[in-house]
Amino acid sequence: MRNSLGLVLAVVVALAAIVLFSALFTVYQTQQALVLRFGEPIRVIETPGLNAKIPLVDSVILIDKRILDLENPSQEVIAADQKRLVVDAFARYRITNPLRFYQAVGTVEGANSRLATILNSSLRRVLGESTFTQVVRDERETLMTRIRDQVNREAANFGINVIDVRIRRADLPEANSQAVFQRMQTERQREASEIRAQGGEQAQTIRARADRDSTIITAEANAAGDKLRGEGEAQRNEIFAQAYGQDKGFFDFYRSMQAYEEAMKNTDTRMVVSPTSDFFRFFNAPNPAAAPAPAPAQPAN
């Protein structure tokens, strides 16, 4: 009897422990809980801690409270200027209403599937109204904000708040990229040829101007030199004339010495002249006063 009573007591204690254990559950800081009674939601728990439920009657669904990722596969979008774009985008979202989230999509996988459809639709709608340049360079930040706002408005029906939408890459398809690259390369080569031609034209202009200035400067310098040379020759002739007027004999002797020096400067010089010619008269009579006067020229018959 005592053994039966002890066994029953042990079973009761075990059942009580199981019931007590199943009546308690913990909600962590990264979670929020939805308590269901026979499948119907009765309570939402957003504060972390230890909570209680009715065993075998209530069930608990834990929902992530952290920021979740939505990776969207690359897709082609046609821009407003009819250019095809390969767009790679992603979104970040948080579950803000667990009850609505559970009723609308149920799980995170279901939410990702629904949000991916909404994100693709918003991408095509917003980017289809923009040009290639606006998407790639000019208004990319503004376009991402517009896409986020549109997705967030529709995601609110699922108890989700979309925090951010980013376009990771927006580029032309590979075939179009090669064609655009070739066109850009041709355009740059054309611009380079045009710049070289303009540079060559400017170089020719500068060179012609420099040649003209050089010719003018050389002509002015030659004119100045000829003028100075003429003035020097005039002064020289004037000095010679004054010297000739002071001592005619010495002047003739000096001029003859200069003539001898110029004539005999080259050692290979050969002169065939008579020793008694007027050219050598100072060799025959070193005294200028004693030098015979040149013979008068004979009139031709």
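Biologist: Which residues of the largest nonpolar core touch the most other members?

Modeller: In this predicted model, the largest nonpolar core has 35 residues, and those touching the most other members are Tyr-93, Leu-119, Leu-123, Leu-127, Ile-147, Ile-160 and Ile-167. The general idea is that in soluble globular proteins, nonpolar side chains tend to be buried together.

Biologist: How do I read the crossing of H3 and H5: is it left-handed or right-handed?

Modeller: Start with the axes, which come within 9 Å and cross at roughly 140°. Angles over 145 degrees would count as roughly antiparallel; H3 and H5 are therefore oblique to each other. Their crossing is right-handed.

Biologist: Which residues meet there?

Modeller: Among them are Leu-115, Ile-118 and Arg-125 on the H3 side, and Leu-143, Arg-146 and Glu-154 on the H5 side. The residues of this contact comprise ten nonpolar, two polar and three charged.

Biologist: Where does Phe-38 lie, and is it buried or exposed?

Modeller: Phe-38 is in the loop between strand S2 (31-37) and strand S3 (40-45). Exposed means over 50% relative accessible area, so Phe-38, at 69%, counts as exposed. Its phi is positive, about 55°, although Phe-38 is not a glycine.

Biologist: What about Gln-82?

Modeller: Gln-82 also is not a glycine and has a positive phi, near 65°. Gln-82 sits in the loop between strand S7 (75-78) and S8, and counts as exposed at 62% relative accessibility.

How values were computed
Residues are numbered from 1 along each chain as its sequence is written. This is a predicted model: local features need pLDDT of at least 70, side-chain atom pairs count only at pLDDT 80 or more; totals for chains, interfaces and linings use all residues. Side-chain values use heavy atoms; hydrogens and water are left out. A nonpolar core is a set of buried Ala, Val, Leu, Ile, Met, Phe, Trp, Tyr and Cys residues joined through side-chain atoms within 4.5 Å. Buried means under 20% relative accessible area, exposed over 50%, partly exposed in between (1.4 Å probe, protein chains only). Axes are lines fitted to C-alpha atoms, for helices over the stretch in contact, and angles run from 0 to 180 degrees between N-to-C directions. Helices (H or I, at least four residues) and strands (E, at least two) are DSSP runs, numbered from the N terminus. Angles under 35 degrees count as roughly parallel, over 145 as roughly antiparallel, 65 to 115 as roughly perpendicular and the rest as oblique. A crossing is left-handed if the near helix is turned anticlockwise from the far one by less than a right angle, and right-handed if clockwise. Contact means heavy atoms within 4.5 Å. Ala, Val, Leu, Ile, Met, Phe, Trp, Tyr, Cys and Pro count as nonpolar, Asp, Glu, Lys and Arg as charged, and the others, Gly among them, as polar.
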